[in-house]
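Trainee: I have a structure open on my screen and would like to talk through how its pieces pack. Could you take my questions one by one?

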Amino acid sequence: MFERILNQLREKIRTRQYVMSIHADDEMDEDGLTIFDVESAILSGKIIERQKDQNTGEWKYLVRGESLSGEFVITVTKISPTGKLVFVTVFRE
């Protein structure tokens with residue numbers, strides 16, 4: 001359903017055009033995840049939900065994919081006005 005967006009997210013990972021929010025970085029550390037796990041989740045995952053931010057009107061995408069160890073990870077992402085992929089938060093399922 002969101003194949004075009006998912007392909008765009010994957011291309012941002014491949015070209016390293018992404019940033020991690022402080023919150024996402026903290027959550028990643030708390031769950032014992034590395035940036036490679038997060039990249040893997042996007043590259044292997046599917047968009048499971050789209051949400052509209054109440055304040056900004058931006059679309060956020062929840063992607064469920066596998067970490068390097070095969071565990072499921074959920075990422076909440078959006079495309080910034082500058083075109084970069086932003087990780088809003090990350091967590092183990």
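Trainee: Which elements are included in what covers the buried residues of helix 2?

Mentor: Happy to start there, and keep in mind that this is a predicted model. The buried residues in question are A24, E27 and M28. What covers them includes strand 1, helix 3 and strand 5.

Trainee: Why do the buried residues of helix 2 line one face of the helix?

Mentor: Begin with the names: A24, E27 and M28 are the buried residues of helix 2. Looking down the helix axis, they line one face because they fall within an arc of 105°.

Trainee: Which exposed residues does the face of helix 2 turned away from its buried side carry?

Mentor: A residue has to be over 50% relative accessible area to be called exposed. On the face of helix 2 turned away from the buried side, the residues that are exposed are I22, D29 and E30.

Trainee: And what is the phi of G32, which follows helix 2?

Mentor: G32 comes after helix 2, and its phi is positive. The value is near 70°.

Trainee: Let's move to helix 1. What span should its 12 residues have?

Mentor: Helix 1 runs over residues 3-14, and the rule is 1.5 Å a residue. The expected span takes one less than the number of residues.

Trainee: Where do the buried residues of helix 1 sit around its axis, and what arc do they cover?

Mentor: The buried residues here are I5, L6, L9, R10, K12 and I13. They are on the same side of helix 1, because the arc they cover around the axis is only 155°.

Trainee: Which residues are exposed on the other side of helix 1?

Mentor: The buried side of helix 1 holds I5, L6, L9, R10, K12 and I13, and what covers these residues includes strand 2 and strand 4. On the other side, the exposed residues are R4 and R14.

Trainee: Is E11 buried, partly exposed or exposed?

Mentor: E11 is found in helix 1. Its relative accessible area is 40%. Buried would need under 20% and exposed over 50%, so E11 is partly exposed.

Trainee: I also see aromatic rings. How many aromatic pairs does the structure hold, and which residues form the edge-to-face pair at 6.1 Å?

Mentor: The structure holds two aromatic pairs. In the one at 6.1 Å centre to centre, the planes are 70° apart, and over 60 counts as edge-to-face. This pair links distant parts of the chain, 59 residues apart, with one partner in the segment before helix 1 and the other in strand 3. The partners are F2 and Y61.

Trainee: Are F2 and Y61 buried or exposed?

Mentor: The cut-off for buried is under 20% relative accessible area. F2 has 18%, and Y61 has 7%. With those values, F2 is buried, and Y61 counts as buried.

Trainee: How far apart in sequence are the parts that the pair of Y18 and F87 ties together?

Mentor: The ring centres of Y18 and F87 are 5.7 Å apart and their planes are at 85°, so this pair is edge-to-face. Y18 lies in strand 1 and F87 in strand 5. Y18 counts as buried at 16% relative accessibility, and F87 counts as buried at 0%. The parts tied together are apart in sequence by 69 residues.

Trainee: Which residues have the most contacts inside the largest nonpolar core?

Mentor: That core has 19 residues. Its largest share, four residues, comes from helix 1. The residues with the most contacts inside it are L9, I47, F87 and V90.

Trainee: One last thing: which ring does R50 lie over, and which ring does R64 lie over?

Mentor: Take each arginine in turn. R50 is at 3.7 Å from its ring centre, over the face of W59. R64 is at 3.6 Å from its ring centre, over the face of F72.

Notes. Residues numbered from 1 in each chain as written. Predicted model: local features only at pLDDT ≥ 70, side-chain atom pairs only at ≥ 80, totals over all residues. Heavy atoms only, no water. Helix = DSSP H or I, 4+ residues; strand = E, 2+ residues; numbered from the N terminus. Buried < 20%, exposed > 50% of the residue type's maximum accessible area, 1.4 Å probe, protein only. Arc of directions from axis to C-beta. Contact = heavy atoms within 4.5 Å. Phe/Tyr/Trp six-rings, centres within 6.5 Å; stacked < 30°, edge-to-face > 60°. Lys NZ or Arg CZ within 6 Å of the ring centre and 35° of its normal. Core = buried A, V, L, I, M, F, W, Y, C linked by side-chain atoms within 4.5 Å.
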